[in-house]
Amino acid sequence: MIKPDSNDPIKVRRTLAFWVSLYAFLILPNLLVIYHALWATEVELLKSILTYIGVLAAGPIGAYLYAAQKNGNKEK
C-alpha cells in the first residue's frame with residue numbers, strides 16, 4: 001500500500017495519477033488494438049471502453065493537479 005509521507009503531502013495522489021495515466025494512455029489502447037486484431041471486436045465497443053476509461057482516469061489525474069496547485073506547487 002502507498003503510505004503517506006509527512007514531507008510529501010501529495011505522494012499518494014502523484015503515485016496514483018502516474019499509474020492511472022500509464023494504464024489509461026499506454027497499456028489499454030494497445031490491448032484494445034490486440035482485441036480488435038485477434039478477436040475482431042467491434043470498433044464501437046472499443047471506442048466506448050476507451051472513452052469510459054479515459055473519463056475514469058481524469059479523476060485521479062485531476063485530483064493530483066488540484067492538490068499540486070493548492071499546495072503552491074512545492075515540487076519545483
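Let me begin with burial: a residue is called buried under 20% relative accessible area, exposed over 50%, and partly exposed in between, using a 1.4 Å probe and protein chains only. By that scale tyrosine 35 is partly exposed, with a relative accessible area of 33%.

The structure before us is a predicted model, in which local features need pLDDT of at least 70 and side-chain atom pairs count only at pLDDT 80 or more, while totals for chains, interfaces and linings use all residues. Residues are numbered from 1 along each chain as its sequence is written, and side-chain values use heavy atoms, with hydrogens and water left out.

I turn to helix H2, residues 43-70. Helices here are DSSP runs of H or I with at least four residues, and they are numbered from the N terminus. The expected span of a helix is 1.5 Å times one less than its number of residues. For the 28 residues of H2 this gives 40 Å, and the end C-alpha atoms are 40 Å apart, which agrees. Even so, H2 bends by about 25° at glycine 59, and proline 60 follows within four residues; the bend at a residue is the angle between axes fitted to the seven residues ending there and the seven starting there.

Which residues of H2 are buried? They are Leu46, Ile53, Ala57, Tyr64, Ala67 and Ala68. Helix H1, residues 11-39, is included in what covers them. In soluble globular proteins, nonpolar side chains tend to be buried together. A nonpolar core is defined as a set of buried Ala, Val, Leu, Ile, Met, Phe, Trp, Tyr and Cys residues joined through side-chain atoms within 4.5 Å. The largest such core has six residues: Ala24, Leu28, Leu32, Leu46, Ile53 and Ala57. H1 and H2 are the elements that give two or more residues to this core. Alanine 24 is in contact, meaning heavy atoms within 4.5 Å, with Pro29, Ile53 and Ala57, leaving aside neighbours within four places in sequence. A second, separate core of five residues includes Ile10, Ala17, Tyr64 and Ala68.

Next, the charged pairs. A salt bridge requires a side-chain nitrogen of Lys or Arg within 4 Å of a carboxyl oxygen of Asp or Glu, and the count by this rule is two. Aspartate 8 meets arginine 14 at 2.2 Å, N to O; arginine 14 is partly exposed, at 28% relative accessible area. Glutamate 44 meets lysine 47 at 3.6 Å, N to O. Why are these two separated by about one helical turn? They are so placed because they stand three residues apart in H2. Glutamate 44 is exposed at 53%, whereas lysine 47 is partly exposed at 48%.

Finally, the aromatic residues. Rings of Phe, Tyr and Trp (its six-membered ring) pair if their centres lie within 6.5 Å; planes under 30 degrees apart count as stacked, over 60 as edge-to-face and the rest as tilted. A search of the whole structure finds two aromatic pairs. The rings of phenylalanine 18 and tryptophan 19 have centres 5.2 Å apart and planes at 70°, so this pair is edge-to-face. The rings of tyrosine 35 and tryptophan 39 have centres 5.8 Å apart and planes at 45°, so that pair is tilted. Tyrosine 35 and tryptophan 39 are four residues apart in H1, and therefore separated by about one helical turn. Tryptophan 39 is exposed, with a relative accessible area of 57%.
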